[in-house]
Amino acid sequence: MLQLGIRQSAEVASNMTSVERILQYTKLEEEGPWEPPPADRPPTDWPREGRVTFKHAYLRYTPDGPPAIRDLDVEIQPAEQIGVVGRTGAGKSSLVATLFRLASIEGEVEIDGLNTGKVGLKALRSAISIIPQVPTLFSASLRYIAPIPNNSVYKNGRYNLDPFEKCADDELWKAIERVELKHSGVALDTVISESGANFSAGQRQLICLARAIV
């Protein structure tokens, strides 16, 4: 009986950790508005050029913490290729967080002249993409993953290349061709192993790039 009581006490303590984390999430500060007022909604073809402007931008991961980015004031021209170099913790990844507004930002960040703080997070994060160092692929074919039951968004499970089922096969092929994967032997029905293990690291990144293009 003593051993049973000890085991149950340990299980309760472990489960309460999950409850504690849920309570912490309920106290997190909300992000900016998901949908902006109608007057601030960006055009459907935004961004068209890709001019990015930081105007005295600061980024903090906590309200009282030191800025990860301090007084950044720079303009990146359309189609300009920029390399950001710095030691660990210098703020390279924080630039991405600033573009996607993943943390508290002071100052302004503009894309094609529109302040990203006013266009709404849905429009902002749907309009730009990132290719991570560690690309994420799903175990299924290049076109599909398994359908999610009772889910109206992913009812067909189409995700690896076309998250929202908006593109015909010829559009997917155009994206594959643009990233120069068409002649590497891949097909829309090519089966992707867990974490993309049957592709090289470079090919996995190219697949993610094709997904961003789509």
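Helices and strands are named here as DSSP runs and are numbered from the N terminus, and the structure shown in these close-up views is a predicted model.

**View 1. The loop that holds P47 contains a cis peptide bond.** P47 is found in the loop that runs between helix 1 (2-26) and strand 1 (52-60). The peptide bond leading from W46 to P47 is cis, and its omega angle is near -10 degrees. Most residues other than glycine have a negative phi, and most peptide bonds are trans.

**View 2. H56 and E180 are two residues with positive phi.** H56 lies in strand 1, and its phi is near 50 degrees, a positive value in a residue that is not glycine. H56 has a relative accessible area of 46%, and because this value falls between the limits of 20% and 50%, the residue is called partly exposed. E180, which lies in the loop between helix 4 and strand 6 (191-192), has a phi near 65 degrees, again a positive value in a residue other than glycine. The relative accessible area of E180 is 70%, and since exposed means over 50%, E180 counts as exposed.

**View 3. The largest nonpolar core of the model has 16 residues.** Within this core, the residues with the most contacts are L142, L161, I176, L181 and I207. Helix 4 (169-178) and helix 5 (201-213) each supply at least two residues of the core.

**View 4. L181 is in contact with residues that lie beyond its neighbours in sequence.** When the neighbours within four places in sequence are left aside, the contacts of L181 are I176, V186, Q203, L206 and I207. Two of these partners, I176 and I207, are themselves listed with L181 among the residues that have the most contacts inside the largest nonpolar core.

**View 5. L206 is a partly exposed residue of helix 5.** Leaving aside neighbours within four places in sequence, L206 is in contact with V179 and L181. L206 and I131 are 75 residues apart in sequence, while their C-alpha atoms are 8.8 Å apart in space.

Methods: Residues numbered from 1 in each chain as written. Predicted model: local features only at pLDDT ≥ 70, side-chain atom pairs only at ≥ 80, totals over all residues. Heavy atoms only, no water. Core = buried A, V, L, I, M, F, W, Y, C linked by side-chain atoms within 4.5 Å. Buried < 20%, exposed > 50% of the residue type's maximum accessible area, 1.4 Å probe, protein only. Helix = DSSP H or I, 4+ residues; strand = E, 2+ residues; numbered from the N terminus. Contact = heavy atoms within 4.5 Å.
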